[in-house]
Amino acid sequence: MTQRIETREPVLVRAAEAETVGAAPTLVTLLADVSTTGGVMSSARTQLGVGADGAAPHYHTGSSEMFFMLGGRLEVLVGEEIVTVSEGDMLVVPPLTTHAFRAAADSTADVLIVFIPGVERFDYFRLLEKVGHGEATIQDLLDSQGKFDNHFVESPVWTESAKSRQ
């Protein structure tokens with residue numbers, strides 16, 4: 001559920017002060033959450049190593065997700081199609097559209113991700129890090145789908161695409 005907090009204050013996030021979660025080949029720098037933007041947006045920078053997975057197929061009920069490519073190439077599932085976005089490209093995935101992403105097989109990816117309107121996402125990324133370290137379970141992640149508006153689904157297109165990369 002989107003939290004709406006009225007604010008007229010500018011938001012400045014200094015690179016040296018931003019929290020980074022994850023470990024190579026996937027790093028997520030937490031930039032702004034709804035608690036700092038008045039509910040308008042939330043954003044993070046995701047850096048993926050060559051061919052690294054980003055997110056499994058999922059959708060959001062209340063937010064669009066914007067991907068702006070800072071560098072490299074990203075493969076993105078959008079509905080039933082896989083598109084490749086490159087440095088300087090922008091892609092906006094509307095609510096209720098199944099999507100997933102990963103770095104292209106022969107490339108890294110550096111992408112700014114913005115949710116509009118915002119949803120609290122920082123704790124979601126922290127939970128993902130805990131799952132990666134064995135401090136939380138996949139079930140914990142599944143149990144959080146409603147809280148973080150991140151609903152996982154199956155995608156035969158994405159699954160077949162992953163098999164062909166091996």
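## Aromatic pairs

Three aromatic pairs are counted in this predicted model, where rings of Phe, Tyr and Trp (its six-membered ring) pair if their centres lie within 6.5 Å, and planes under 30 degrees apart count as stacked, over 60 as edge-to-face and the rest as tilted. The ring centres of Y124 and F125 lie 5.7 Å apart with the planes at 65°, so this pair is edge-to-face. Ring pairs join Y124, F125 and F148 in a cluster. Y124 and F125 are both buried (under 20% relative accessible area, with exposed over 50% and partly exposed in between, for a 1.4 Å probe and protein chains only).

R121 has its charged end over the ring of Y124, 4.4 Å from the centre. R121 also lies over the face of F125, at 5.5 Å from the ring centre. A charge sits over a ring if NZ of Lys or CZ of Arg is within 6 Å of the ring centre and within 35 degrees of the ring normal.

## Basis of the values

Residues are numbered from 1 along each chain as its sequence is written. The model is predicted, with local features needing pLDDT of at least 70 and side-chain atom pairs counting only at pLDDT 80 or more, while totals for chains, interfaces and linings use all residues; side-chain values use heavy atoms, and hydrogens and water are left out.

## Largest pocket

The largest pocket holds about 610 Å³ of space. It is lined by 30 residues, of which T26, D53, G54, A55 and L128 are the closest to its centre. On a 1 Å grid over the protein atoms alone, a pocket is an open set of points with protein on both sides within 12 Å along at least five of seven lines, a cavity is a set where a 1.4 Å probe fits but cannot get out, and lining residues have an atom within 4 Å of a point. Grid points are joined across faces, edges and corners, and a volume is the space filled by probe spheres set on the points.

Helix α2 (122–132) gives the largest share of the pocket lining, six residues. Elements that supply at least two residues each include β1 (19–23), β2 (26–32) and β4 (53–59). Helices (H or I, at least four residues) and strands (E, at least two) are DSSP runs, numbered from the N terminus. The pocket lining has 17 nonpolar, eight polar and five charged residues; Ala, Val, Leu, Ile, Met, Phe, Trp, Tyr, Cys and Pro count as nonpolar, Asp, Glu, Lys and Arg as charged, and the others, Gly among them, as polar.

## Cavity

One cavity of 30 Å³ or more is counted, and the largest cavity has a volume of about 40 Å³. Among the residues lining the largest cavity are R121 and F125. Strand β3 (42–48) supplies the largest share of this lining, three residues.

## Backbone and a buried histidine

Two cis peptide bonds can be described. The bond from A24 to P25 is cis, with omega near 15°, and P25 is in the loop between β1 and β2. The bond from I116 to P117 is cis, with omega near -15°.

L96 has a positive phi, near 70°, and counts as exposed at 60% relative accessibility. D149 has a positive phi near 50°, but counts as buried at 6% relative accessibility.

H58, in strand β4, is buried with a relative accessible area of 3%. The H58 side chain reaches the backbone oxygen of A56 at 2.7 Å.

Key: Polar contact = N/O pair within 3.5 Å; in protein donor to acceptor, adjacent residues only side chain to side chain.
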